[in-house]
Amino acid sequence: MLIGNPDKFAFLLEIVPEWSDDTFINGMLYVFINGAQYPKTLRTTTLSDDIYYLVDNSSFIHPKINDELFSLDAKTLFEKLCEITFPSAMEDNNDFDYLIPLTELASEKYQIYIVSSKMSIKILVGHYIDNDKIYFDDEVSMDLEEFEVIKQKMQNYYLKYIKQ
């Protein structure tokens with residue numbers, strides 16, 4: 001099932017019954033940002049976990065409003081969100097308020113962040129190279145109404161096809 005517009009922002013989900021059993025639902029989950037697919041390769045995703053964490057009180061469901069961050073250019077914003085989430089100073093706590101929790105994307109070394117203003121959403125994606133340096137890939141902006149439709153469809157997908 002395709003939820004959203006892959007030329008802008010979308011999820012492509014497919015349950016694969018042969019990969020699933022009575023205790024978990026496996027399949028495929030891809031995120032599209034400006035026409036690019038993440039992850040780039042085929043991955044088996046435990047949809048019953050990934051979609052649950054996505055729609056259960058995550059940053060995807062409740063994007064944090066931060067006008068100061070939202071106003072930054074995309075690359076600076078991405079770098080700032082990375083530092084907030086995974087601070088370089090060991091004494092600082094991790095803040096996952098902006099990270100969209102998708103385990104399989106993280107396993108493939110991609111991080112997706114979300115930040116909101118009162119009227120719009122920005123979603124940013126980047127990837128790790130050599131496990132230590134993360135690079136900005138892309139950003140998409142959309143109005144809150146458009147985002148709310150995608151969010152509601154993801155919640156409905158979870159309730160209809162995943163929740164057991």
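In this predicted model, strand S1 (residues 2-5) and strand S2 (residues 9-15) run antiparallel and are joined by four bridges. The two strands form a hairpin, with three residues between them.

Strand S7 (residues 120-129) is joined to S8 by 10 bridges, and the two run antiparallel. Within this region, Tyr 128 stands opposite Ile 134 in S8. In a regular strand, side chains alternate between the two faces of the sheet.

Two packed helices are described by the angle between their axes and the distance between the axes. For helix H1 (residues 47-55) and helix H5 (residues 144-162), the axes come within 10 Å. They cross at roughly 145 degrees, and the crossing is left-handed. On the H1 side, the contact involves Leu 47, Ser 48, Ile 51, Tyr 52, Leu 54 and Val 55. On the H5 side, Met 154, Gln 155, Tyr 158 and Ile 162 take part. Of the residues in this contact, eight are nonpolar, two are polar and none is charged.

Asn 94 was examined individually. This residue lies in the loop between helix H3 (74-85) and helix H4 (103-107). Asn 94 has a relative accessible area of 42%. The residue therefore counts as partly exposed, because that class lies between the 20% limit for buried and the 50% limit for exposed. Leaving aside residues up to four places away in sequence, Asn 94 touches Ile 84, Thr 85, Phe 86 and Pro 87. With Thr 85 there is also a polar contact: the backbone oxygen of Thr 85 lies 2.9 Å from a polar atom of the Asn 94 side chain. Tyr 128, the residue that stands opposite Ile 134, is 34 residues from Asn 94 along the chain. The C-alpha atoms of Asn 94 and Tyr 128 are separated by 18 Å.

Key. Residues numbered from 1 in each chain as written. Predicted model: local features only at pLDDT ≥ 70, side-chain atom pairs only at ≥ 80, totals over all residues. Heavy atoms only, no water. Buried < 20%, exposed > 50% of the residue type's maximum accessible area, 1.4 Å probe, protein only. Contact = heavy atoms within 4.5 Å. Polar contact = N/O pair within 3.5 Å; in protein donor to acceptor, adjacent residues only side chain to side chain. Axes fitted to C-alpha atoms, helices over the stretch in contact; angles between N-to-C directions. Left-handed = near helix turned anticlockwise from the far one by under 90°. Nonpolar A, V, L, I, M, F, W, Y, C, P; charged D, E, K, R; others polar. Pairing = 2+ DSSP bridges.
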